[in-house]
Amino acid sequence: MSANFPFLSSLVIRSGAELWTTTETNTPLVDGVLWEKDVIMLLGSEKAGKSILGLQLAFCLTSGNAFLDKYVVTTPVPILYLQTEGKPADMVDRMTAMRATLDVDDTKFFHLYQRFFPLDVKEVVDALMTQIDQLPVVPKVIFVDSLYTSMLGDLSENMDVRRLFAIISPLLERYQCAMVLIHHETKPSHDEKGKIMERGDQASYGSVFLRAWVGHILYLKKHKDKSRTLTCDPQRSGKVLEKEELLLVQPVPLCFEIREDLTVATVKVKKALETRSSNGGIGIPELMTLTDLSRTSVEKSLRGLEQHSV
């Protein structure tokens, strides 16, 4: 029995007094987005760009730069990105385009490609742990992209989803890591008048136990004007981001940005450009020095100025 449920050997019942003195923490890895040892879902509508956003989060976790230039990464950590669909060349192309504007620490970024990688099969998870044990550092976050190609069972069946939890849990416990499940929503539902019904995180494909298992669900929705919204509603605590309006910058550089009017950073860049306009051109490194902004913030500000024709 313990082979199927390894947690049985480490069960501990604590007294009320012991709970107050526990050494366990709930430290954020990314403020408002991801906490240590958390399991979250990044849910996306069709062609919303959920894999791009997931990769962007992975970049920021390794580099320590703020996610979406807003949500602070408390400390850079190693990550493992499990790509279970598409082609390895797709990942390379995306990473190359993303590196044009975002930093990534290659010593903390690990990638495993296997088209269809059933994490609900113990033999597969055991093989994965063998590979992880050989890495120079232990990943603190594992990305699964995507969930529907990482499961042998039926995502709609409660027992199959429970089996997935039971087999993945020892992996998370062994490495004390968080996990980001990248997943797609079901086909849109329409009301009696033919209007698409807004379902939020209820739109995730699969068993209700899947939604119940994760700490929270970040829902990336693509709108008719090609803009996106990233929401977490409902959420189990008030600590998670509520809503951000996003724009997808592509093809090069490749990243999501928060949609907003001219920001303080943009004003800084604008003033620096005006100050140096009489002395000829000015490059991004010099703008970074003059404004005390990151490369990402400078480039985002320049795109904002171009968009607003300022």
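These are my notebook entries on a predicted model of one protein.

**Ground rules**

I number residues from 1 along each chain as its sequence is written, and my side-chain values use heavy atoms, with hydrogens and water left out. Because the model is predicted, I ask for pLDDT of at least 70 for local features and count side-chain atom pairs only at pLDDT 80 or more, while totals for chains, interfaces and linings use all residues.

**Overview**

I looked up the secondary structure and found nine helices and 11 strands. Helices here are DSSP runs of H or I with at least four residues, strands are runs of E with at least two, and both are numbered from the N terminus. The protein has 310 residues, and 44% of them are buried. I call a residue buried under 20% relative accessible area, exposed over 50%, and partly exposed in between (1.4 Å probe, protein chains only).

I then looked at contacts, meaning heavy atoms within 4.5 Å. Of those with a separation of 6 or more, 68% link residues 24 or more positions apart. The exposed surface comes to about 16,500 Å², with 53% of it supplied by carbon and sulfur atoms. These areas are from the Shrake-Rupley method with a 1.4 Å probe; for residues, only the protein chains shown count as cover.

**Helix H4**

I picked out H4, residues 122–133. Its 12 residues reach 16 Å from first C-alpha to last, close to the 16 Å expected at 1.5 Å a residue. That expected span is 1.5 Å times one less than the number of residues.

Which residues of H4 are buried? I list Val124, Val125, Leu128, Met129 and Ile132. They sit on the same side of H4, because they cover an arc of only 135° around the axis. The arc is taken over the directions from the helix axis to the C-beta atoms. An α-helix has 3.6 residues a turn, so residues three or four places apart point the same way. The cover over the buried residues of H4 includes strands E4 (79–83), E5 (109–113) and E6 (141–145), and helix H5 (158–175).

**His216**

I found His216 in the loop between helix H6 (208–213) and strand E8 (217–222). His216 counts as buried because its relative accessibility is 6%. Its side chain reaches the backbone oxygen of Val33 at 2.8 Å. Setting aside residues up to four places away in sequence, I see His216 touching Val33, Trp35, Asp38, Val39, Ile40, Met41, Cys232 and Val240. Cys232 is itself buried, at 1% relative accessibility.

**Cysteines**

How many disulfides are there? I count zero, taking a disulfide as a pair of cysteine sulfur atoms within 2.5 Å. Cys60 is in none, and the nearest cysteine sulfur, that of Cys255, is 9.4 Å away. Cys60 is buried, at 3% relative accessibility.

**Two glutamates**

I checked Glu185, in the loop between strand E7 (178–184) and H6. Is Glu185 buried or exposed? At 14% relative accessibility it counts as buried. The side chain of Glu185 makes a polar contact with the side chain of Tyr219 at 2.8 Å. A polar contact is a pair of N or O atoms within 3.5 Å; within protein, one must be able to donate a hydrogen and the other to accept it, and residues adjacent in sequence count only if both atoms are side-chain atoms.

I placed Glu257 in strand E11. Glu257 is buried too, with a relative accessible area of 11%. Beyond its neighbours within four places in sequence, Glu257 is in contact with Glu245, Leu246, Leu247, Val249, Lys300 and Arg303.

**Backbone details**

I logged a cis peptide bond between Gln250 and Pro251, with omega about 0°. Another cis bond joins Val252 and Pro253, with omega about -5°. Pro251 lies in the loop between strands E10 (243–249) and E11 (255–258), and Pro253 is in the loop between E10 and E11.

I also looked up positive phi in residues other than glycine. Lys47 has phi near 60°. Lys47 lies in the loop between strand E3 (39–44) and helix H2 (50–63) and is exposed, at 64% relative accessible area. Asp292 has a positive phi of about 60°. I found Asp292 in the loop between helix H8 (284–291) and helix H9 (295–307), exposed at 69% relative accessibility.
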